[in-house]
Amino acid sequence: MGADGLSLDGDTLAGMESGHMPAPLHLLGLDAKPFPCGCGRDWGCVEAYTTISGLPHLLAEKLKKYPDHELAKSTASPKEKVLPLRGRAQKGDALAVEIFDFQARVMGLHVANLVMTLDPGIVIIGGGLMDPGATTPEFRERYLRIIRETATPYLWPQQRGTIKIVPAVLGDLSQAIGAALVALYQSRA
């Protein structure tokens, strides 16, 4: 599941756009004002903290702690600065690791909210951070571990022992392939 990878039909076809629910910033220790989202909301959508679209804001916030980091001194555009962050994290860059650990914590709280609401047996985490072609097993395992550790205390006791949080096995295109399969199966019905 990406930040807004879960979707259900509703009366307006906008049901379960969960990435646009507000992130519980008070639980994350983020002192900054809520980050704006591409959807136009400025209340701190989960998507703004868990996807590449929010990385420029996260990087700017985290660079305050790392004023001597080469990205703090870089004259590159925000997009050029954030694109290599995933690779930097996999090589142990403390700033990049902190950013993705933060994203995993946000995702963990989001997963907890969704599990409390929907009571699924499994949650599948997809997107570029789970892409086996672009990330190392260690990176993916760390990200998933932090999601689990963050979500678990907020779940009902019976959910803690049964929920499975796993990576999408089809890489970055998992959501698109899943949507195509839903369309295929519905057309056959």
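Q: Buried means under 20% relative accessible area, exposed over 50%, partly exposed in between (1.4 Å probe, protein chains only). Is Arg88 buried or exposed?

A: Arg88 counts as buried, because its relative accessibility is 18%. It sits in helix 5, residues 85-90.

Q: What kind of model is this, and how are its residues numbered?

A: It is a predicted model: local features need pLDDT of at least 70, side-chain atom pairs count only at pLDDT 80 or more, and totals for chains, interfaces and linings use all residues. Residues are numbered from 1 along each chain as its sequence is written, and side-chain values use heavy atoms, with hydrogens and water left out.

Q: How do I read confidence, and what is the mean pLDDT of the protein?

A: pLDDT is the predictor's confidence in each residue, from 0 to 100. Here the mean is 89. A pLDDT of 70 or more is reached by 91% of the residues.

Q: Where is confidence lowest, and where is it highest?

A: Look at helix 9 (residues 174-188) for the lowest, with a mean of 84. Helix 7 (residues 137-151) has the highest, at 98.

Q: How many helices and strands are there?

A: Helices (H or I, at least four residues) and strands (E, at least two) are DSSP runs, numbered from the N terminus. This protein has nine helices and two strands. Starting at the N terminus, the order is α-α-α-α-α-α-β-α-α-β-α. Its C-alpha trace spans about 60 × 35 × 35 Å along the principal axes.

Q: What share of the residues counts as buried?

A: The share is 42% of the 189 residues.

Q: What share of the contacts joins residues 24 or more positions apart?

A: Take the contacts with a separation of 6 or more. Of these, 62% join residues 24 or more positions apart.

Q: Which residues does Arg88 touch?

A: Leave out residues up to four places away in sequence. Arg88 then touches His69, Glu70, Leu71, Asp93 and Ala96.

Q: With which residue does the side chain of Arg88 meet in a salt bridge?

A: A salt bridge is a side-chain nitrogen of Lys or Arg within 4 Å of a carboxyl oxygen of Asp or Glu. The partner of Arg88 is Asp93, at 3.1 Å from N to O. Asp93 is buried, because its relative accessible area is 17%.

Q: How many salt bridges are there by this rule?

A: The count is seven. One of them pairs Glu61 with Lys64. Their closest N and O atoms are 3.2 Å apart. Glu61 is buried, because its relative accessible area is 18%. Lys64 is exposed, because its relative accessible area is 62%.

Q: What does Lys62 pair with?

A: The side chain of Lys62 meets that of Glu98 in a salt bridge, 3.6 Å from N to O. This pair links distant parts of the chain. Lys62 belongs to helix 2 and Glu98 to helix 6, 36 residues apart. Both residues are buried.

Q: Where does Asp119 lie, and is it buried or exposed?

A: Find it in the loop between helix 6 and strand 1 (122-125). Asp119 is exposed, because its relative accessibility is 53%.

Q: What is phi of Asp119 near?

A: Start with the general idea. Most residues other than glycine have a negative phi. Asp119 is not glycine, yet its phi is positive, near 55°.

Q: Is Glu141 buried or exposed?

A: Glu141 lies in helix 7. It counts as exposed, because its relative accessibility is 53%. Now find Met130, 11 residues away along the chain. The C-alpha atoms of Glu141 and Met130 are separated by 9.1 Å.

Q: How does Leu181 count, and at what relative accessibility?

A: Go back to helix 9, where Leu181 is found. Leu181 counts as partly exposed, because its relative accessibility is 37%.

Terms used: Contact = heavy atoms within 4.5 Å.
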